[in-house]
Amino acid sequence: QVQLVESGGGLVQAGGSLRLSCAASGSIFSIDFMGWYRQAPGKQRELVAIITVGGNTNYGDSVKGRFTISRDNKNTVYLQMNSLKPEDTAVYYCMLRDMRETWGQGTQVTVSS
């Protein structure tokens, strides 16, 4: 079983920055990719950013140029979020894909105008 522990969410003013972290542990097989998704109230969960084992990245259109995903060599993934906007307010979920898909419990990010 894989465990994902997320941290770094909180309240920030528009234009500010936050950094999210997600540490994976447990019985991890060969990782395909890790990443972040988000879900705002009344909306569907959407892609924020993913990073493959080879370091390739993919971003949602709404965060390109503002957010950066990275990963260390200890199965931790980071999401640096700059120039935050009120529309970035959501619960952010970490996800790991190996032979399965594992989701974290989510961390709230609130951006005030």
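Trainee: Which backbone nitrogen lies 3.2 Å from a polar atom of the side chain of E6?

Mentor: Happy to start there, with two cautions on how to read the answers. This is a predicted model, where local features need pLDDT of at least 70, side-chain atom pairs count only at pLDDT 80 or more, and totals for chains, interfaces and linings use all residues. Residues are numbered from 1 along each chain as its sequence is written, and side-chain values use heavy atoms, with hydrogens and water left out. The E6 side chain also reaches the backbone nitrogen of C94, at 2.6 Å, but the one at 3.2 Å belongs to Q105.

Trainee: Where is E6 placed, and what is its bridge partner in β3?

Mentor: E6 is in strand β1; strands here are DSSP runs of E with at least two residues, numbered from the N terminus. Strand β1 (residues 2–7) runs antiparallel to β3 (residues 18–26), and six bridges join them; two strands pair if DSSP finds at least two bridges between them. In β3, the partner of E6 is C22.

Trainee: Is E6 buried or exposed, and how far away is the nearest side chain of opposite charge?

Mentor: E6 is buried, a word that stands for under 20% relative accessible area, with exposed over 50% and partly exposed in between (1.4 Å probe, protein chains only). For charge, Lys and Arg count as positive and Asp and Glu as negative, while His and the chain ends are not counted. E6 has no salt bridge, a term for a side-chain nitrogen of Lys or Arg within 4 Å of a carboxyl oxygen of Asp or Glu. The nearest side chain of opposite charge is R45, at 8.1 Å.

Trainee: Which residue stands opposite M81 of β8?

Mentor: Strand β8 (residues 76–81) runs antiparallel to β3, with six bridges joining the two. Contacts of M81 (heavy atoms within 4.5 Å), leaving aside neighbours within four places in sequence, include F67, Y92 and V109. The residue opposite M81 is L18.

Trainee: Which residues are linked with R38 in a network of salt bridges?

Mentor: The count comes to six salt bridges. One of them joins the side chains of R38 and E46 at 2.6 Å, N to O. R38 counts as buried because its relative accessibility is 5%, whereas E46, at 34%, counts as partly exposed. The residues linked with R38 in the network are E46, R66 and D88.

Trainee: Which residues does S62 touch, not counting those up to four places away in sequence?

Mentor: S62 sits in the loop between β6 (57–59) and β7. With 40% relative accessibility, S62 counts as partly exposed. Its C-alpha atom is separated by 8.1 Å from that of V48, 14 residues apart along the chain. The residues that S62 touches are R38 and E46.

Key: Helix = DSSP H or I, 4+ residues; strand = E, 2+ residues; numbered from the N terminus. Polar contact = N/O pair within 3.5 Å; in protein donor to acceptor, adjacent residues only side chain to side chain.
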